[in-house]
Amino acid sequence: MTVLPNSSGLVMDEPLLWEKGKKGRNGFSLPRRDVDKFPVDKKLISKGPDFPDLSEVDVIRHYTRLSQWNFGIDTGMYPLGSCTMKYNPKLNHILSGFSGFTHAHPLLPDHLSQGALKIMALLETFLSEITGMDAVTLQPAAGAQGELAGMLLIDAFHKSKGSHRSKIIVPDTAHGTNPASAALCGFQAVPVASNENGILSSKAVADIMDEDTAGIMVTNPNTLGFFEDNILEIADIVHTKGGQVYCDGANMNAIMGIVDMKKCGIDVLHLNLHKTFSTPHGGGGPGAGPVCVKKHLEPFLPIPRIIEKKGTLMLSDNFPKTIGKLHGFYGNFNVMVKAFSYILTMGAKDLKKASQLAVLNANYIKEKLKEIFYLPYDRPCMHECVFSDKHQKEYNVNTLDIVKRLIDYGFHPPTIYFPLVVEGAIMIEPTETESKEDIDRLVDAFKAVVEEAKIDPDLLRNAPHNCKVKRLDEVTAARHPCLSG
Amino acid sequence: MRFLPHTKEDIASMLDVAGAKNLETLFSKIPKNCRMTKKPRLPDPLTEWEIYDYIVNLSKELPAAHEYKMFIGAGSYHHNIPSTIPFLLSRSEFYTAYTPYQPEISQGALQAVYEYQTLTAKLLGMDIANASLYDGASALAEALLMAIRIKKKTTVAVSAAIHPNYRRVIQTYFQPSGYTIIELPYLKNGCTDISAIDKIDDLAAIAIQSPNFFGCIEDLSYIKKQSQKIESLLIASFAEPISFGLYKNPGIQGADIVCGEGQSLGIPQSFGGPGLGMFATKMDYVRRMPGRLVGKTVDMDGREGFVLTLATREQHIRREKATSNICTNSSLNALAAAMYMASLGSTGMRELSRLNYDKTEYLKQSLVNVGFKLPFDSPTFNEFVVKPPKGFHKTYNRLLKKKFIAGLPLKRFYPELAGHYMMCATETVSRDDIDALVQEVRS
């Protein structure tokens, strides 16, 4: 193996929780019993759940050891395409943990909730400024719920005009959540193929847009890493037939302060605070998926909305055209605090700079790696670039083998086998927080792996070699599911 | 800018490789009419220390936690959280990881979620649990949609004693589908009246919350028997999982799907979110279930390990035919809940649950002693409805000034219960706090 700074690891074994501990141990400081026991109806009670009894030290060691088998952004570069794995600033974590926030009950009188409502109201304004859109709801709990909200808004818009439309156009480069969200809202997803440049052509949309089509769900920049250059004409075509344009803003990190989404003809846009606005993914959530709209869709936004009366902020349900509620309360407030702090840290100038550097990093990688990987669309990209394993096929190794070997060099793999339009896709999104040296190291690692493929392809097929476990049998896991212990 | 590592020289040499003259030219293909022409109006960037001061002050505008005695629950509960939990959750390896798509370098998160699924299944008395959904409200909406898929019927019955916000979320999820939601009223004892269910055609599921919104314990076993007669599923919702340390869990009582809010299990209230959508069911229904699942398997060398599994139900494979559109869920909060359950253990869970019960009963008794009426006579957990003596709204406001949150006025959610309040006491409320409240009420 080429010697590069890597992570061979300090890997300790750790059993399952219930294989540890002893009955009668306790890891919890139980509050003092200062009241007597009251009678309980015996018919209703049980023995309680069968949990392992652990001490505080047992719990700490268990999870500390587990954490050591996990790769995060703080461990190393995490170039997962369309996921925007940028650095998560530590300040934001500290701030969101202030007890005023963590202990805030959601149903108190407004005057006791001003601090939270101020942050939410300001964050709505900030997101509206950054995107160019007119109004914002912070309620959706994640990107996919933002998509659902967007679909419901479009459905409500058409119904308010007395019409019901049954279809929605979804390009082949869309995230899987797009057609699933559309289906949840009762729309039939109509696929449209991207063109030879990896973007949508106006003609392809014009050919299928009709008066039973509610609109289009377009990811911009798209999952091939390209800006949809024809977005203005596409929006025109959709609008002329009475449709609405939904934009999946998961890739907003490429265009902050550069593109005005409203001017692009977008009617609804969702953002991922856990991508563009630096809040952590936490191993798969919680995130937040705010939705930004143009004025004409504002009356349909979820309730409650924040309003101001005589200098006091309050939550109001008084929006008769609303699509309703999506979340038990107001969305993932704790995540909002982190995004709020991020925007205050960056300001308009550095948000734009972040987008510029994210795009620079991606183009730099594209130029460096196209020497070794097949690049199906060889043109300037936005925040990410998509290669394939075509050149490596002659050595009988595939995308999976290549990226599994990359793990041995201390990097998290890129997104693979997505978007579906590129066979054996390797989708790399470096983000702006990676330095030139780290990117050069990633490039060197890929080059080393590709050389290894020529000499010793088994090294790749059996990779990774330095992790807690080797490649896992996913087929058996699905055929004979073992989902609890 | 401390998160942007590029020096001027880096930028120059990288632009050179990228074949761009300057940073602006990287965007030259974007049509002019799409460009942002004015700079977004955002505050000038602040330093770390300025932001700290600014936000600490905003957090102090949420004084309730430190200064107030809280007797309010209604789906968001104040429980003690061991210091170990925020400490462990802030481990970067958990905190800054994405969804564990690459199992070899995600074994920590995967094992932790597998353990969460197991502890959740045990707590709720079910075969299996998923890796989490967003919150209790959307979990219930997903459960109802799942029941409709299983039963191939188009109507669901939902108890009026389910959290009003959850019911509002269900309506939103159901609005475009054309499925019918029938509301089941509550009885004089505060529990759900299911007497009408056999008159409802095509009923896929009956959804009941227990403890319900009023804190009342529902007779799920009885409801299960009735639901079986009409071949509909029983969905048990919950907002207060601590209750299952004392009361029978929904699984023992025959629930087919159990879903609810896990915030009580070590997750801060945070103005209502993020919470934790807990979701469990029977093994027979696993392929109809929404959300991610972690399963146990072996690696090439036969060593035990964990992977995301049964992904063919999910949106990234199944697209529009998926069982749900959910992708990002509440993984880190699922870890918090697992850590919480592991810290308590069986013994701790029983004791804590009983303590919550006894504090609430003490509060109940004390309020009855000063003339409060209990409109519902069902057994309760953690919270209960009271009808205070006339003119209590004035007392409520006076108490507010004295920094007591004396429950939740119910009129906003149930107009017919105007003048009623919902009171809550968890283990965080001391006997002195309760006595002080009652003293104030009396004076």
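User: OK, so which hand does the crossing of H12(B) and H13(B) have?
Analyst: Bear in mind that this is a predicted model. Helix H12 of chain B covers residues 392–401, and its axis comes within 10 Å of that of H13(B). As H12(B) passes H13(B), the crossing is right-handed.

User: Are H12(B) and H13(B) parallel or oblique to each other?
Analyst: Their axes cross at roughly 130°. Angles over 145 count as roughly antiparallel and 65 to 115 as roughly perpendicular, with under 35 being roughly parallel, so what's left is oblique. That makes H12(B), relative to H13(B), oblique.

User: Which residues in H13(B) meet H12(B), and how many in the contact are nonpolar?
Analyst: H12(B) brings Phe392(B), Thr395(B), Arg398(B) and Leu399(B), and these meet Leu437(B), Glu440(B) and Val441(B) in H13(B). By class, the contact of H12(B) with H13(B) has two charged residues, one polar, and the nonpolar ones number four.

User: H13(B) has another partner, H11(B). How do those two run relative to each other?
Analyst: H11(B) spans residues 331–369 and H13(B) spans residues 431–442, and their axes come within 10 Å. They cross at roughly 20°, and angles under 35 degrees count as roughly parallel. H11(B) and H13(B) are therefore roughly parallel.

User: And what is that contact made of, by class?
Analyst: On the H11(B) side there are Lys359(B), Tyr362(B), Leu363(B), Ser366(B) and Leu367(B), while H13(B) supplies Arg431(B), Ile434(B), Asp435(B), Leu437(B) and Val438(B). Sorted by class, the contact of H11(B) with H13(B) has three charged residues, one polar and six nonpolar.

User: Over in chain A, at what angle do H10(A) and H11(A) pack?
Analyst: H10(A) is residues 399–408 and H11(A) is residues 436–455, with the axes 10 Å apart. The pair is oblique, and the crossing is right-handed. The angle is about 125°.

User: How many charged residues does the contact of H10(A) with H11(A) have?
Analyst: Ile402(A), Arg405(A) and Leu406(A) in H10(A) meet Leu442(A), Ala445(A), Phe446(A), Val449(A) and Glu452(A) in H11(A). Six of the residues are nonpolar and none is polar, and the charged ones come to two.

User: What area is buried between the two chains?
Analyst: Chain A puts 210 residues into the contact and chain B 183 residues. Carbon and sulfur atoms give 66% of the buried area, which totals about 17,200 Å².

User: How many salt bridges are there between chain A and chain B?
Analyst: One example pairs the side chains of Glu61(B) and Lys118(A), at 2.7 Å from N to O. Between chain A and chain B, the salt bridge count is nine.

User: What phi does Asp202(B) have?
Analyst: Asp202(B) lies in the loop between strand E4 (180–184) and strand E5 (203–209) of chain B. Asp202(B) is not a glycine, yet its phi is positive, at about 60°.

Methods. Residues are numbered from 1 along each chain as its sequence is written. Chains are lettered from A and ligands numbered from 1 in the order in which they are written. This is a predicted model: local features need pLDDT of at least 70, side-chain atom pairs count only at pLDDT 80 or more; totals for chains, interfaces and linings use all residues. Side-chain values use heavy atoms; hydrogens and water are left out. Axes are lines fitted to C-alpha atoms, for helices over the stretch in contact, and angles run from 0 to 180 degrees between N-to-C directions. Helices (H or I, at least four residues) and strands (E, at least two) are DSSP runs, numbered from the N terminus. Contact means heavy atoms within 4.5 Å. Ala, Val, Leu, Ile, Met, Phe, Trp, Tyr, Cys and Pro count as nonpolar, Asp, Glu, Lys and Arg as charged, and the others, Gly among them, as polar. Buried area is the accessible area (1.4 Å probe) that two parts lose on being put together, summed over both. A salt bridge is a side-chain nitrogen of Lys or Arg within 4 Å of a carboxyl oxygen of Asp or Glu. A crossing is left-handed if the near helix is turned anticlockwise from the far one by less than a right angle, and right-handed if clockwise.
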